[in-house]
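Student: Hello! I am new to this structure, and I would like to go through it with you step by step.

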Amino acid sequence: MNISNNILLAPYTTFKIGGPAKFFSEVKDQFDALSAYDFARKESLPVFVLGGGSNLLVSDKGFIGLVVKIVNRGIEVLSENNDEVKVRVASGENWDEFVNFCVKNNWWGLENLSHIPGSSGAIAVQNVGAYGQESKNLIESVTVFDTQTRQILSLKNSECGFSYRSSIFNTTLKGRYIIFDIVFVLSKQPKRILNYRDLQEKFSGKIPDIEEIRKAVIEIRNKKFPFPTEAKKGNAGSFFKNLQLAENEFLKLCERVETEFGLETLQKLKTKVFAEEEVYKIPTAFLLEICGMKSMEIGGAAINQNQPLVIINKTGDATASDVLELAKTVVQTLRNRLGLNVQIEPELLGFSKEELIDLGRMI
Ligand code: NAP
């Protein structure tokens with residue numbers, strides 16, 4: 001295992017932003033992981049585990065610690081019968097290439113999760129979901145390296161604490177485990193999830209095959225979310241999370257929207273809200289739109305007009321400070337005008353507590 005010094009992190013992120021890591025190491029297995037953590041312990045350094053860098057904003061100063069880049073590869077069928085296939089994917093595999101592989105094999109389940117940037121490991125960290133599918137519905141287990149006990153463990157789905165866009169890996173046990181692979185159980189029988197409006201409109205009553213669903217999701221996402229490999233100047237996908245409110249919170253929001261923006265806007269908001277099991281799902285993109293933030297820019301960073309949940313590195317030389325200032329403006333505007341605390345999605349690396357305070361988020 002090699003440890004390099006002073007490696008610029010911007011090229012390792014899809015935002016193309018960020019200063020250097022003091023130390024940097026590529027890790028492909030548990031032996032590399034052990035050596036890396038031994039080194040960090042000896043030097044008293046914090047460790048940051050980097051996957052595809054698609055959900056990450058690195059500070060302009062960089063990170064005074066060890067960045068561990070996961071580079072393991074491999075896809076393996078563990079078992080199959082007429083109905084199901086159990087397939088293991090290494091966390092360093094590119095997610096969308098893995099989805100494409102499954103779709104080509106006619107294995108159902110992941111097609112609605114097409115065209116999501118990043119590496120496969122990140123899918124379990126965030127319990128990534130889109131268009132009515134969530135990774136937790138398909139994950140059987142996750143193999144991890146436990147940095148405390150220094151052992152390899154297989155965590156069952158029920159041990160991963162999956163909920164909306166979260167898991168133990170980004171909440172209670174953040175930083176403890178390195179994900180090495182994920183085992184998915186996929187169906188060999190068609191299991192179409194087409195109830196989201198965007199997909200309904202695409203197919204309007206037709207029964208698509210798996211390849212057609214993947215193609216449709218790619219077309220829809222290409223319009224809304226600039227896929228980082230194509231949006232060369234950079235972005236980190238969705239920067240702000242959609243909101244989930246309890247009924248009393250939703251009623252308060254309705255009052256605020258009516259007072260601030262009028263009855264017509266309130267009625268429009270109501271057509272965009274989804275109520276599921278007493279949880280009200282509110283599209284944050286709509287709130288940004290009514291607050292007039294759809295084309296806001298600070299320095300080289302801008303809100304993406306087609307899907308304002310995304311912040312783009314518009315000029316190609318945006319700084320992390322530009323992005324952070326823009327994000328803070330959005331968070332504070334939604335707080336002041338609507339009384340809402342919108343959460344941000346990306347990991348933030350190398351920022352001080354003071355820099356993040358106005359985001360309502362601590363490191
Ligand atoms: P959208 O499809 O306009 O949906 C906006 C909001 O309405 C979301 O909270 C979504 O819930 C909900 N929603 C829409 N149709 C629904 C239905 N038929 N039943 C229940 N809830 C419904 O969202 P978008 O911003 O353009 O994003 C498209 C998809 O990609 C969404 O599913 C979004 O969540 C997903 N996405 C995921 C991530 C991530 O996992 N990190 C990042 C970006 C976007 P859900 O969020 O539960 O789908």
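Student: Is N6 buried or exposed?
Tutor: This is a predicted model, in which local features need pLDDT of at least 70, side-chain atom pairs count only at pLDDT 80 or more, and totals for chains, interfaces and linings use all residues. Residues are numbered from 1 along each chain as its sequence is written, and side-chain values use heavy atoms, leaving out hydrogens and water. Buried means under 20% relative accessible area, exposed over 50%, and partly exposed in between (1.4 Å probe, protein chains only). N6 has a relative accessible area of 58%, so this residue counts as exposed.

Student: Where is N6 found, and what is its phi?
Tutor: Helices (H or I, at least four residues) and strands (E, at least two) are DSSP runs, numbered from the N terminus. By that numbering N6 is found in strand β1. Although N6 is not a glycine, its phi is positive, at about 55 degrees.

Student: What about K16: where is it found, and what is its phi?
Tutor: K16 is found in the loop between β1 and β2. With 37% relative accessibility, K16 counts as partly exposed. K16 is not a glycine either, yet it has a positive phi of about 60 degrees.

Student: How many aromatic pairs are there?
Tutor: Rings of Phe, Tyr and Trp (its six-membered ring) pair if their centres lie within 6.5 Å; planes under 30 degrees apart count as stacked, over 60 as edge-to-face and the rest as tilted. By this rule, the count is 13 aromatic pairs.
Student: Why is the pair of Y12 and F24 tilted?
Tutor: The ring centres of Y12 and F24 are 4.7 Å apart. Their planes stand at 40 degrees, so the pair counts as tilted.

Student: Which parts of the chain does the pair of Y12 and F24 link?
Tutor: Y12 and F24 are twelve residues apart, and their pair links distant parts of the chain. Y12 is partly exposed at 28% relative accessibility, while F24 is buried at 4%. Y12 sits in the loop between β1 (4-8) and β2 (20-27), and F24 in strand β2.

Student: Are F250 and Y280 buried or exposed?
Tutor: F250 and Y280 form a stacked aromatic pair, 4.5 Å centre to centre with 15 degrees between the planes. The two are 30 residues apart, with F250 in helix α6 (residues 247-261) and Y280 in strand β16 (residues 279-282). Both F250 and Y280 are buried.

Student: What is the orientation of α6 and α9 to each other?
Tutor: Axes are lines fitted to C-alpha atoms, for helices over the stretch in contact, and angles run from 0 to 180 degrees between N-to-C directions. Angles under 35 degrees count as roughly parallel, over 145 as roughly antiparallel, 65 to 115 as roughly perpendicular and the rest as oblique. The axes of α6 and helix α9 (residues 320-338) come within 9 Å and cross at roughly 90 degrees. The two helices are therefore roughly perpendicular.

Student: And what is the orientation of α6 and α7 to each other?
Tutor: Here the axes come within 7 Å and cross at roughly 140 degrees. α6 and α7 are therefore oblique to each other.

Student: Why do the buried residues of α7 line one face of the helix?
Tutor: In helix α7 (residues 263-272), the residues T265, L266 and L269 are buried. Seen down the axis, the buried residues fall within an arc of 100 degrees (taken from the directions from the helix axis to the C-beta atoms), so they line one face. The face turned away from that buried side carries the exposed residues E264 and T271.

Student: Which residues is C160 in contact with, leaving aside its neighbours within four places in sequence?
Tutor: C160 has its place in the loop between β11 (151-156) and β12 (177-187), and it is buried, with a relative accessible area of 0%. Contact means heavy atoms within 4.5 Å. With those sequence neighbours left aside, C160 is in contact with V142, L155, S167, I168 and F169.

Student: Which residues is K328 in contact with, again leaving aside neighbours within four places in sequence?
Tutor: K328 lies in helix α9 and counts as buried at 9% relative accessibility. Beyond those sequence neighbours, K328 is in contact with E355, D358 and L359.
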